[in-house]
Amino acid sequence: MNPGQTQWSAIDEFLSGSLLGSDPVLDGALEASAAAGLPSIQITPCQGKLLQILAQLQGARSILEIGTLGGYSTIWLARALPPSGRLITLEVNQQYAKVAAANISRANLSSIVDLRVGPALESLPSLVAEGHGPFDLIFIDADKETTPDYFLWALKLSCAGSLIIVDNVIRKGALLDDKSTDPAVRGMRRFIQLLGDEHRVRATAIQTVGAKGYDGFAIALVIGDADLTNEKRTGMSADRHRDL
Ligand code: DHB
Ligand code: MG
């Protein structure tokens, strides 16, 4: 660990200690995930609260999460929903999903959260076929290689006003490496290019440091036709945004 990392972690602890208070349910979810051997790659407490604030700002009633892991971010997001709200979360790993289901249950959120086990690229078409969406907020935090595809599915499941958030876009700076053979890095590079070319969103990306090191997230607000007038409308073909 470099000196930067020591300080970033200490400050994350200071901030979560000062701003977040104790939360036995979330702490318990982390403990259960660690005890079951899940990788400790979930979002930090401060990031969880950011997601919750964004969901609340959205007035979200429906949330889609791609990549559940142990359900830690799921709990943060689902807590922003009203009792009639719904969060669908997709997890490919059966063992992770089992741990997540128990964590979600202990958080008393099982009636709001629909946890679906299987490859997201199979679950996402099912969601469309079942008539789910548009979602108010979509959080993409799954395998990085497939992020460009997840983003395109997220757009299909969005409407004007939907917010799409993507974790881990900076990868310790590897994002800049156009020679990288790491599928995760290549995936994120393709995703950022796709995001920049996408006329249906107003997007940005922010670099972050903290307990999880140097990374960052992208945020895309899906915009409607009226909003597009002063955006990158030029050159957009009619059918690019027909299904919005
Ligand atoms: C990894 C995945 C994540 O979603 C994350 O936030 C950090 C690391 C990983 O696969 O290494
Ligand atoms: Mg992540």
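The shell around ligand 1 comprises 1 nonpolar, 1 polar and 4 charged residues, where Ala, Val, Leu, Ile, Met, Phe, Trp, Tyr, Cys and Pro count as nonpolar, Asp, Glu, Lys and Arg as charged, and the others, Gly among them, as polar. The model is predicted: local features need pLDDT of at least 70, side-chain atom pairs count only at pLDDT 80 or more, and totals for chains, interfaces and linings use all residues. Residues are numbered from 1 along each chain as its sequence is written, chains are lettered from A and ligands numbered from 1 in the order in which they are written, and side-chain values use heavy atoms, with hydrogens and water left out.

**Surroundings of ligand 1**

- Ile41, Asp141, Lys144, Asp167, Asn168 and Lys212 surround ligand 1, each having a heavy atom within 4 Å of the ligand.

- A side-chain N or O atom of Asn168 lies 2.6 Å from an oxygen atom of ligand 1.
- For Asp141, a polar side-chain atom is 2.7 Å from a ligand 1 oxygen atom.
- Ile41 places a polar backbone atom 3.3 Å from an oxygen atom of ligand 1.

**Magnesium site**

- Asp141 (OD), Asp167 (OD) and Asn168 (OD1) coordinate the magnesium ion (ligand 2) at 2.0 to 2.1 Å; donors are N, O and S atoms within 2.8 Å of the metal (3.2 Å for Na, K and Ca), and water is not among the atoms, so sites may look incomplete.
- The donor residues of the magnesium ion (ligand 2) follow the sequence spacing D-x25-D-N.

Methods:
A polar contact is a pair of N or O atoms within 3.5 Å; within protein, one must be able to donate a hydrogen and the other to accept it, and residues adjacent in sequence count only if both atoms are side-chain atoms.
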